[in-house]
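Colleague: I'm new to this one and would like to learn how to read its charged pairs. Could you walk me through it?

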Amino acid sequence: MLENKTGGSTESWALDRPASRRAIMFADLAESVRLYQQFEARTIQRWRRFVAVARDSLAQKHGGRLVRTTGDGLLFEFEAVNGAVAAAFELHQTLSPFNAPDEGDAALWLRIGLHEADIIADERELWGSGVNLAARLASAAQPGQTAASAEVRLQLFDGVQARVEDVGLRYMKHVDEPVRVFLLHAPGQSIASATPSSADMRPALAVVPFVALPADPEHDALGHAMADDIIASLSRHPGLRVLSRASTAGVRGVALELPRLRELLGAAFLLSGNFYARGNRIRLAAELCELRGGEVLWAGSIHGDVDALFEGQDDLVPHLVAQVSQHMLAHELSRVRSLPMDSLASYSLYLGAAGLLNSLAARDLQRASEVLEHLGERHPRQATPNAMLSELHLVRFSQGASADPRASLQAAWQQAQQALEKDGSQPASLVAAGAAQSFLTGDYVSAAKYYRQALEYDPHHARAWARLSETLSEEGQHEQALQAATQAISLSPLDPQRCFYECAAARTAYMMQRWDLAATHSRTSLRLNALHGPAHLHLIAALWQSGEHESARQAASNYAELMPGVGIAGNKVTDRQALLRSRFVQAVHAAGVPL
């Protein structure tokens, strides 16, 4: 047992020393792992100078002291909550001058947590559960924010010491019960501008109108027209934000350094290029660049026909759009698989999680879960991570990959409810809630209400159309169900989840006893993703029902080879299709899939 300075044990020292009520502040350097990895010397130099200021003058000014420092965190105690709140705002302000105006990704930001509790203290440390809660509150804040507990909030007058924003209950690591969290903003600060983080996690892509070579005013409009078509097509991708041409036309043909372009456009990726026109033929040379590090992700040359291009019949734009989306997603997926999560931007985590989720491989699903949990901690007020986690639990269930199917469905419902609490108008949250409810309770009427509400907010939400197709089919409205599934497919030429939409169409066609159509959509789904379990089962059943028994057996054999140990049990197609359960199961089992 350790000895203290007086020779007694640490246990007896703690018992003898009275606890005192203190305001505890934990200040954390946001994304410190990435900063030390990418800008080590500069980060260390600025952080040390900042810590010296915080220690030597700032804390004492507000009736507190800096107890200890870590490589990326500061622990303070204050005699009163008011002093801690004032110190928190001043810490944010004091750090700002250490960032140059064009600092970009190297900028330093604090996340601060405030709590009041009874603690035991000595010269170099604080003890007590309240210290842990202050650190947890810091992790609940976004860069540039201060998060406080209810104990702190009770001692503040809104608009006097701080502008207070109630963000509700939050679950935190190593804390048994959810914690009521309040964001504190400086009295004169706009709440909307209190954080540097964007509410939209999707990466922004800038498409600069293409430049004619040689310069020719007659062809100038063609470069803008091609950019418009590309922007319109890429805007349909659910994982991307695409800037308008009006936002990017100003940098066309201007020689600027990439960091400056990123600052001006606020984009993560840039698509630019030039073209040669001869008669009715055109050759476009394009380049996709990642603005963070200057890496060229893709470059290529594409030929097309000008008249067909304006009539929407040329493959130039679709080919270019496919290359851009695929290389962006592949790049971010690779980064998420190989780099520490703390070193990645939020949009990298978002795109990476989507890619991992769509792969359907068990190892990727586990990594997707870890990434989404981390993303949720980084953005605790955002509904997107919860909606995606809900979808992940349903995917595990549908794939027959869950050790406890019922627990997976309940977890999907819980995540969907958290997503709705954070943003009840986000289509992804509504779709997650509808899907989880239909899987868990079989209440397709209520689920359909969620999907229709999502489509009111976004009529082009492909997943809402696909889910609505399932509920319409359950209600016997098969023609409408097939139309909804077809709508989902038509809206998703670039959506990596298209395999799910094709499977929804296959499911509806099977319910209509249109075996050939069900088999066609199932095969398309499997061409897009060979690991999609429900598509395998629909193909097997459709082939068997159409009398192609040998083909059905071969399809069952392929399914067993690709997904060993997974049968019918636990898959949504047996648990949800009450009307066709017997016929479906009999067909799939007869083809050789174990129950």
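This is a predicted model: local features need pLDDT of at least 70, side-chain atom pairs count only at pLDDT 80 or more; totals for chains, interfaces and linings use all residues.

Colleague: Okay. What is the general idea behind a salt bridge?

Modeller: Side chains of opposite charge can pair when their charged atoms come close. In this structure there are 17 salt bridges.

Colleague: Which residue does Glu 116 meet in a salt bridge?

Modeller: Its partner is Arg 21, with 3.6 Å from N to O. That pair ties together distant parts of the chain: Arg 21 belongs to strand 1 (residues 20–29) and Glu 116 to strand 4 (residues 110–121), 95 residues apart.

Colleague: Is Glu 116 buried or exposed?

Modeller: Glu 116 counts as buried because its relative accessible area is 13%, and the cut-off for buried is under 20%. Arg 21 has 39%, so it is partly exposed.

Colleague: Which residues are linked with Arg 21 in a network of salt bridges?

Modeller: Glu 116 and Asp 118 are linked with Arg 21 in that network. Asp 118 turns up in the strand pairing too, as the bridge partner of Arg 21 in strand 4.

Colleague: How many bridges join strand 1 and strand 4?

Modeller: Those two strands pair over 10 bridges, in the antiparallel sense. Strand 1 also pairs with strand 3 (residues 73–78), again antiparallel, over 6 bridges. On that side, Ile 24 stands opposite Glu 77 of strand 3. As for cover, 7 of the 10 residues in strand 1 are buried, so the strand is mostly covered.

Colleague: Now the helices. Where do Glu 470 and Arg 467 lie?

Modeller: Both are in helix 18 (residues 462–474), 3 residues apart, which is about one turn of the helix.

Colleague: Is Glu 550 buried or exposed?

Modeller: Glu 550 is exposed because its relative accessible area is 55%, and exposed means over 50%. Arg 553, at 39%, counts as partly exposed.

How values were computed: Residues are numbered from 1 along each chain as its sequence is written. Side-chain values use heavy atoms; hydrogens and water are left out. A salt bridge is a side-chain nitrogen of Lys or Arg within 4 Å of a carboxyl oxygen of Asp or Glu. Helices (H or I, at least four residues) and strands (E, at least two) are DSSP runs, numbered from the N terminus. Buried means under 20% relative accessible area, exposed over 50%, partly exposed in between (1.4 Å probe, protein chains only). Two strands pair if DSSP finds at least two bridges between them.
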